[in-house]
Amino acid sequence: MEKVILHCDANNFYASVECAKNPALKGYALAVGGDEERRSGIILAKSNEAKKMGVSTGEPIWQAKQKCPDLLILPPDFSAYVKYSNALFKIYSSYTDKVECFGLDECWLDISDTRFGCDGKAVADEIRARVKKELGITISVGVSFTKVFAKLGSDFKKPDATTVFDENNFKQTVWKLPVSDLLMVGRQTTKFFANVGIRTIGDLAKMSRTLLKGKLGVVGEHLHDYANGVEIDTVKNYYDHDIPSSVGNGSTASKDMVTESEASSLIVTLCESVATRLRQYGLKACGIHLGLKSNEFKYAGKQNPLHTPTNTSTDLINGALGLLGELWSSDMDIPLRAITVTAINLISSDEGYQQNFFADDEPTLKEENLEKSVDKIRDKYGYNSIQRGRTLTNTFTTDKIVDDKEFRPFKKN
């Protein structure tokens with residue numbers, strides 16, 4: 001029986017969530033990024049209206065404003081993005097347990113062995129309609145018999161569209177697409193393919209598999225199989241997720257940090273974000289890593305174990321500030337430009353661990369409960385509704401999230 005695999009991709013996810021939160025923003029050219037007044041930072045996401053004006057993800061905000069002077073810049077609200085992502089996956093998992101995450105806003109669904117498997121396009125259209133009605137955002141869905149072709153389908157037509165690549169039509173459609181559109185084909189591989197005359201997916205499909213193996217090894221074999229619709233990769237079960245090795249947030253400041261107070265303030269903000277995400281994912285950290293980058297782009301990093309597994313910002317802050325003192329001080333006359341805080345050696349919050357018999361766990365439990373209450377307040381009223389006093393003087397802009405691995409929660413809400 002032919003596989004029926006869907007790839008669902010939320011359109012302009014961050015920007016779409018902002019419009020869903022505030023419908024008055026719909027129809028405007030807007031982007032999620034850094035501080036508009038300082039014109040610092042980069043574009044993390046943009047609306048279709050901004051895209052039409054030439055605004056692109058990853059470009060500096062000042063450059064985007066030159067293309068689109070009326071561009072609205074909104075600060076990122078990562079707690080909202082995770083909340084909407086969880087809501088998306090709740091919809092997806094109502095159709096099948098075979099739901100494999102590919103980031104906050106993308107995933108594959110295998111509906112082959114479900115009662116929905118007889119008509120993939122109808123299911124895709126139904127899911128698109130549900131997402132639009134229940135969440136106020138749109139998704140594009142690819143339907144195919146392999147994961148790679150399903151992803152090609154979701155990218156083929158945007159926004160809010162369903163594209164089907166089946167065994168009968170993929171040679172007439174998929175094979176005409178640029179080879180760079182194929183999953184796992186990056187810039188260097190595209191350059192190599194161009195040098196040997198491979199410009200389309202069809203060119204790749206017709207190339208000698210043996211030759212590709214000789215040039216690219218096992219990757220060449222996989223790419224040849226993907227282009228020919230031969231794929232052994234299966235969609236993982238929603239609950240089958242390994243614990244990631246780390247969860248981190250990084251920030252590039254809008255100006256040099258020259259005092260310990262400035263660096264500490266930014267570290268506190270990053271630790272709060274990391275701790276919030278750990279709690280959302282049901283994880284605790286057994287260690288912490290701090291990375292510092294100077295204004296001359298020199299990097300220094302160090303990690304330490306934590307005294308007990310934790311998902312509280314207080315413990316992460318104490319650990320990170322201890323590392324700051326070891327790595328850098330204003331006496332060194334080396335201004336900082338970027339900081340990354342990463343929680344490492346993660347375990348499930350439900351997992352047992354060796355306790356310290358000489359430590360009192362009650363303060364830790366109180367801190368966890370307090371921060372969970374803060375999470376609820378921020379979910380309802382926004383992240384800035386409650387803040388630590390020491391972060392109120394933070395004038396630095398968080399440009400990007402640094403995720404070592406995207407993953408789903410271990411349990412459904």
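The model is predicted, so local features need pLDDT of at least 70 and side-chain atom pairs count only at pLDDT 80 or more, while totals for chains, interfaces and linings use all residues. Residues are numbered from 1 along each chain as its sequence is written, and side-chain values use heavy atoms, with hydrogens and water left out.

Helix α4 covers residues 78-92 and helix α5 residues 120-135; they pack at an angle of about 140°, with axes 11 Å apart. Axes are lines fitted to C-alpha atoms, for helices over the stretch in contact, and angles run from 0 to 180 degrees between N-to-C directions. Helices (H or I, at least four residues) and strands (E, at least two) are DSSP runs, numbered from the N terminus. The contact (heavy atoms within 4.5 Å) is made by Y84, A87, L88, I91 and Y92 of α4 with I127, R130, V131, E134 and L135 of α5. By class, the contact of α4 with α5 has 8 nonpolar, no polar and 2 charged residues. Here Ala, Val, Leu, Ile, Met, Phe, Trp, Tyr, Cys and Pro count as nonpolar, Asp, Glu, Lys and Arg as charged, and the others, Gly among them, as polar.

Helix α12 (residues 260-281) packs with helix α13 (residues 313-327) at an angle of about 140°, and their axes are 8 Å apart. These two helices are therefore oblique as well. On the α12 side the contact includes I267, C271 and L278, and on the α13 side it includes L316, A320 and L324. The contact of α12 with α13 has 12 nonpolar, 2 polar and 3 charged residues.

The strands form an open sheet of 3, in the order β3-β2-β4, with mixed pairing. Strands β3 (45-46) and β4 (72-74) stand at the edges with a single partner strand each, so one side of each has no neighbour in the sheet. Strand β2 (residues 30-32) runs antiparallel to β3 and is joined to β3 by 2 bridges; two strands pair if DSSP finds at least two bridges between them. Residue A31 stands opposite K46 in β3. Helix α1 (residues 13-21) packs on this sheet and touches β2, β3 and β4, its direction making about 115° with that of β2.

Helix α6 (residues 147-156) is mostly covered, with 8 of its 10 residues buried (under 20% relative accessible area with a 1.4 Å probe, protein chains only; over 50% is exposed, in between partly exposed). Among the buried residues of α6 are V148, F149 and L152, together with K147 and K151.

Key. Angles under 35 degrees count as roughly parallel, over 145 as roughly antiparallel, 65 to 115 as roughly perpendicular and the rest as oblique.
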